[in-house]
Each structure stands twice: as C-alpha cells, then as structure tokens.
Amino acid sequence: MATVVVLPKQGNSVESCLIVRWLKQVGEAIKDGDGLCEVETDKATVEVPATAAGTLLAQVRAEGEDVPVQTPIAVIGAAGEDVGDLVAPALAGTAGRLQPAGEPEAKPVATPAEPAGVTGGPAARAPREAGSSPRAREAAAAKGVDLAGVAGSGPNGLVIERDIANAPRLTPAAKAAGGSLPAVGSGLAGTITAADRTAPPETRNPKPETGAMPGTTTDIPVKSIRKIIAERMRQSISSTAQLTLNTTAKATAMNALRARYKAAGESVGLAAPSVNDLILLAVARTLPKFPAVNAHFLGDIIRQFADIHIGVAVDTERGLMVPVVKDAGRKSVAEIGRDVRALAKACQAGTAKPEQLSGSTFTVTNLGALGIEHFTPVLNVPEVAILGVGGIVLRPYDGPKGVEFIPSIALSLTIDHQGLDGAPAARFLQALVRAIEAI
C-alpha cells in the first residue's frame, strides 16, 4: 500500500517550508530514512527523510513551492502502483491534508457564514477565528487585522501566520463600513480606511509607470529566504510603533580587557573575547534589572521573561539569520563567545536547527565591523526591543585637561512603543552604558 509523505514540523514556530531541491526523482528506489528533499524555513535548510521504503511514485509539490507543514509532498509505494486517488486531490488543492497510513483523517475546519457588508468572495472573506492558528491570531491582534478578511493558505484553508503579514489592516470605521476590500489602503502603512472601501475600484492602487530603462538590467526573483525576510521586515514595520534611542559608551575598559586577554592568552590558552561578546555579556547582565525590556508584545498581553535568551543577527550568503544564545544571563563571556561562533558557523553552513533559531527574548545586531557608526535596527517581533551596535570611534569628551578624544561605541535601541515607553528604555540604555564602561 502506498504511503503519503507529509512535510514534518520544523519546530513550533514554523508553519511552512520552501522546497529547495528534490534529492530523489520519480521512479527512483528509496530506503526508509533516505533523504527525500531539502526544505528551507525562514531560519535554516533541513533534509526531509523518507518515511517508507519503495519507489518514489509522485512528487506532490515542486521545487520552489512554499508548503504548509503537515501537508503532502510525495507518495512512496511499489513500482507501478496506481496512486491517482492519492495524488489527484492534493494537486487539485481539494484534499486539505492527506494522511500517511495509520493516521486518522483530518476533519475540515468549519467556518461561519460571510458577515454582512464584507465582499470579495466567501472563500476569501469567511470569518476565520475558529480556522486560524494560535500564532496567526496573535499576529492578527498585534497588527489590528480582522481575521474575517483573510484567506487562509494552510490545511483546509486554515489561516496561518504568514497570511497575516500580507493581510490588509482596517481602521475601526472601515470595519463597520460596507463595500469591497482593496489590497492596499490610503492610510498609514497601507491601512484601509472607510473611504477606501467606498471608492470606485478603478481609482484604487494605481500602478506605477514602468517605462523602458537604459542599459542592461538583471531581474532577480524574490524567493527562498529573501522572500521570508521581506515579509518579516514588512510585518515588523507595519505592526509596531517603532522608536529608536541613541547613545554612546566609552570603550576604554572594554579595549583594556581585550588587551589583557590577548596578553595572557598565549600562556593560558584563552581566546580574547570579541567586542560583540563583551556587549552581549553586558546586555545579559543588565536585562534582569529591566524585565520590561526583556519581553514580547502580544497585542492584549505583554509577556515578560525571567530568563535571558539573546538573538544575535548573523550575515550569511542566504540572508540575515538570528540564532539564539540560550540562558545568556547564566553564562560567562567565554561561554557566550563559544556559543556565538558555533551558531554563526551553523548558520553560514545552512545546518542550523530550528530550535537554535527561535525563542529569543531580546536581539542584538552589530554592524561595527563594517564601519557603521549609527543605524536604526528593525524590531524582531514580537520582542519589544532590539539593540544596534556600531563601530568604535574616537569621540570628544570634556576632561580634566580639556577636550579628550576617547574610544567610544554607539548604541541604538529600537523599541515597540506599544509595549515599552521611552523613559524605561532610556534607563535601560543608561544602565547598559555603565555596564560596558565598567566591564
């Protein structure tokens, strides 16, 4: 009997994966556990193993497709076996979710009737509160999105988190108004207003002129991790009230400590910590005093964390990735440095696991090594704060003998003003400066 292979979960936060490459082709013999295909989440590339032995009879999904987890991707069985009854519904998009042998059939998610005043097709506009994932409901609440206006791309039409990223935001008046829903509104960050719903369709969303451009051009499709990064960045900007606070810290003590490590390293085998390692140590020591900064904004609640899990932005050929130093508040600078280097290596090799790339409570992104002095970091939602670190430069200070030029490092803290006010964020920055200067 043929076996349907479903895309397995890749951690609690991953709702879909992109099929990067099929490792086995239709008609090829397969052993149980053989690598079937490579899939990419927003954080890592992983190999999906075959769950049965036999012949690959069908690839239900193609390379480059974004596939919800727990949905069919392939069928394995005996050579020549007829699997049309299994493959056809999946290809037609009517099966919702095919089950592997022995797993009970999933029940369709019932959705209520279309509400009055909302148009655009019942499938696209049916209320989805019962047919949405918990993460989708959290994202919708944070963004102010009405789930009734969101078409689901998950199993059985389930609304999942990625659907919310592209969903229109409505003002209260627009929710009450009749009329169809445009793709983008005229309000702030594309918010749909009541006037947008009643405007003639031909006046909405005019397309920009695209005349011929001189010279040679190259069109690069936005897909894979770049597409996911784009969606996450847009979601971050559109769903939060971002405010950035800037300050500087004297780097004299930090430079002296690194010099002592370097001098002693040859005799005791210690590697000198990087500037980033020391910043992470200072953050990990400061955050416990400011629980409001070590938190997530979830719409109707603010969730504060007792433990410190710091996300560290890493540049890779595939794009930006954010592995997490778990329990950083309990680690020494040497342990933090070892974790960061191991996580960065895994990200750059594409072998980082989903659990290594999730669960952060606060994020640090450092562009100092690239010569950047100041920048505005974008929130890693749902976190309420992210720290941007610039390079060390000489800055003038008023000293006992007049103006002195002292090595200093720029710090930029972006906060979500929905969940964190400017004054407590500034107090955190003050304490962080003191920690860096006394490290």
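Hi everyone, let me start with one side chain: setting aside residues up to four places away in sequence, Asn276 touches Val312, Val364 and Asn366, where a contact means heavy atoms within 4.5 Å. Before going on, two housekeeping sentences. This is a predicted model, so to speak of a local feature we need pLDDT of at least 70, side-chain atom pairs count only at pLDDT 80 or more, and totals for chains, interfaces and linings use all residues. Residues are numbered from 1 along each chain as its sequence is written, and side-chain values use heavy atoms, leaving out hydrogens and water.

Back to Asn276, then. Asn276 sits in helix α9, residues 275–286. Is Asn276 buried or exposed? Its relative accessible area is 15%, so Asn276 is buried. The cut-offs here are under 20% relative accessible area for buried, over 50% for exposed and partly exposed in between, with a 1.4 Å probe and protein chains only. The Asn276 side chain also makes a polar contact of 3.0 Å with the side chain of Asn366. By polar contact I mean a pair of N or O atoms within 3.5 Å; within protein, one must be able to donate a hydrogen and the other to accept it, and residues adjacent in sequence count only if both atoms are side-chain atoms.

Strand β16 covers residues 362–366, and four of its five residues are buried. Which strands does β16 pair with? One is β12, residues 310–312, which runs parallel to β16 and is joined to it by three bridges. The other is β17, residues 385–399, also parallel, over four bridges. For strands to count as paired, DSSP has to find at least two bridges between them.

Now for the rings. The structure holds two aromatic pairs. To qualify, rings of Phe, Tyr and Trp (its six-membered ring) need centres within 6.5 Å; planes under 30 degrees apart are stacked, over 60 edge-to-face, and the rest tilted. Phe290 and Phe428 form an edge-to-face pair, with 5.8 Å from centre to centre and 80° between the planes. This pair links distant parts of the chain, 138 residues apart: Phe290 is in the loop between α9 and β10 (295–297), and Phe428 is in helix α11, residues 422–437. Phe290 is buried at 18% relative accessibility, and Phe428 is buried at 0%. The other pair is Phe362 with Phe428, with ring centres 5.8 Å apart and planes at 65°, so edge-to-face again. Because Phe362 lies in β16 and Phe428 in α11, this pair ties together parts that are 66 residues apart in sequence. Phe362 is buried as well, with a relative accessible area of 0%. Put together, the ring pairs link Phe290, Phe362 and Phe428 into a cluster.

Over to another part of the chain, where the strands run antiparallel. Strand β3, residues 29–30, is joined to β6, residues 54–59, by two bridges; there, Ala29 has Thr55 as its partner.

What about disulfides? A search of the whole structure finds zero, with a disulfide taken as a pair of cysteine sulfur atoms within 2.5 Å. Take Cys17: its nearest cysteine sulfur is that of Cys37, 9.2 Å away. Cys17 is buried at 0% relative accessibility, and Cys37 is buried at 0% too.

Last, the overall picture. The chain has eleven helices and 18 strands, and buried residues make up 45% of its 439 residues. Among contacts with a separation of 6 or more, 58% are between residues 24 or more positions apart. The accessible surface comes to about 21,700 Å², with 56% of it belonging to carbon and sulfur atoms; the method is Shrake-Rupley with a 1.4 Å probe, and for residues only the protein chains shown count as cover. Thanks, everyone!
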